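Please keep the structure open alongside the text.

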Amino acid sequence: MSDYKRILVTSALAYANGPVHIGHLAGVYVPADIYVRYLRMRGDDVLFICGSDEHGVPITIKARQQGCSPQDIVDKYHGIIKKSFADFGIDFDIYSRTTSKIHHQTASEFFRKLYDEGKFIEKESEQYYDEEAGTFLADRYIVG
C-alpha cells in the first residue's frame with residue numbers, strides 16, 4: 001500500500017444572488033484557504049475546489065425584483081464572486097458553477113447511485129402552487 005494520498009478541500013458554495021461579504025470570507029473561505037496553504041507548504045497534493053450555487057428561491061426572488069431572468073442574476077454574480085476571491089488572494093484550483101454540465105452529470109450520478117441502493121425514502125406531500133406563475137411556491141413565498 002502506498003503512502004501517497006491526495007487531499008480534497010472544498011468550501012461552502014457561494015450563493016449567486018449577491019456579492020461575497022466579509023462574513024463569508026472570514027467564516028468560510030479564508031480558513032479553508034489557510035488550511036490549503038498549510039497543506040501545500042507541507043508538500044501535500046491538494047485540490048481546492050468551490051463554486052457558485054446557482055439554484056434556489058433567493059435567485060428567483062432577486063430576478064423578479066430586478067425584472068430579469070434568474071440566469072441573468074447568476075451570470076452577473078458568479079463573475080463578481082469569482083473576481084472577489086481572486087482579488088482577496090483566494091486561489092481555488094477549480095471555481096465552477098452548479099449550472100455547469102459536469103456538475104449536473106456528477107450530481108445526477110451521485111444521487112442515482114444512492115437512489116438505486118434504496119437510500120432515499122419516497123413520499124408524497126402537498127405544496128402550494130401559483131397558477132398565474134405556473135410554479136410551486138417555496139415556503140418563503142407563503143405569508144400568513
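On the face of α3 turned away from its buried side lie the exposed residues K83, A86 and D87; exposed denotes over 50% relative accessible area, buried under 20%, and partly exposed the range in between, with a 1.4 Å probe and protein chains only. The model is a predicted one, in which local features need pLDDT of at least 70, side-chain atom pairs count only at pLDDT 80 or more, and totals for chains, interfaces and linings use all residues. Residues are numbered from 1 along each chain as its sequence is written, and side-chain values use heavy atoms, with hydrogens and water left out. Helices (H or I, at least four residues) and strands (E, at least two) are DSSP runs, numbered from the N terminus.

**Helix α3**

- Helix α3 spans residues 70-88, has 19 residues and reaches 27 Å from its first C-alpha to its last, close to the 27 Å expected at 1.5 Å a residue; the expected span is 1.5 Å times one less than the number of residues.
- I73, V74, Y77, H78, I81 and F85 are the buried residues of α3.
- Viewed down the axis of α3, these buried residues fall within an arc of 120°, so they line one face of the helix; the arc is that of the directions from the helix axis to the C-beta atoms.
- The buried residues of α3 pack against β2 (14-15), α1 (22-41), β3 (45-53), α2 (57-66) and β4 (94-97), where contact means heavy atoms within 4.5 Å.
- G89 follows α3 and has a positive phi, near 90°.

- The buried residues of α2 are P58, I59, K62 and A63.
- These residues cover an arc of only 135° around the axis, which puts them on the same side of α2.
- The elements covering the buried residues of α2 include β2, β3 and α3.
- Two packed helices are described by the angle between their axes and the distance between the axes.
- The axes of α2 and α3 come within 8 Å and cross at roughly 105°; axes are lines fitted to C-alpha atoms, for helices over the stretch in contact, and angles run from 0 to 180 degrees between N-to-C directions.
- α2 and α3 are therefore roughly perpendicular to each other, a label given to angles of 65 to 115 degrees.
- In this contact, I59, K62, A63 and Q66 of α2 meet P70, I73, V74 and Y77 of α3.
- The residues of the contact divide into 6 nonpolar, 1 polar and 1 charged; Ala, Val, Leu, Ile, Met, Phe, Trp, Tyr, Cys and Pro count as nonpolar, Asp, Glu, Lys and Arg as charged, and the others, Gly among them, as polar.
- Just after α2, G67 takes a positive phi of about 65°.

**Helix α4**

- Helix α4 (residues 101-116) has 16 residues and reaches 22 Å from first C-alpha to last, close to the 22 Å expected at 1.5 Å a residue.
- α4 is followed by G118, whose phi is positive, near 75°.

**Individual residues**

- F48 is placed in strand β3 and counts as buried at 0% relative accessibility.
- F48 and V9 are 39 residues apart in sequence and 4.9 Å apart in space, C-alpha to C-alpha.
- Leaving aside neighbours within four places in sequence, F48 is in contact with residues including V9, A32, V36, I90, F92 and I94.
- Y35 lies in helix α1 and is partly exposed, with a relative accessible area of 42%.
- A133 is found in the loop between β5 (129-130) and β6 (135-136) and counts as partly exposed at 43% relative accessibility.

Definitions and conventions:
Angles under 35 degrees count as roughly parallel, over 145 as roughly antiparallel, 65 to 115 as roughly perpendicular and the rest as oblique.
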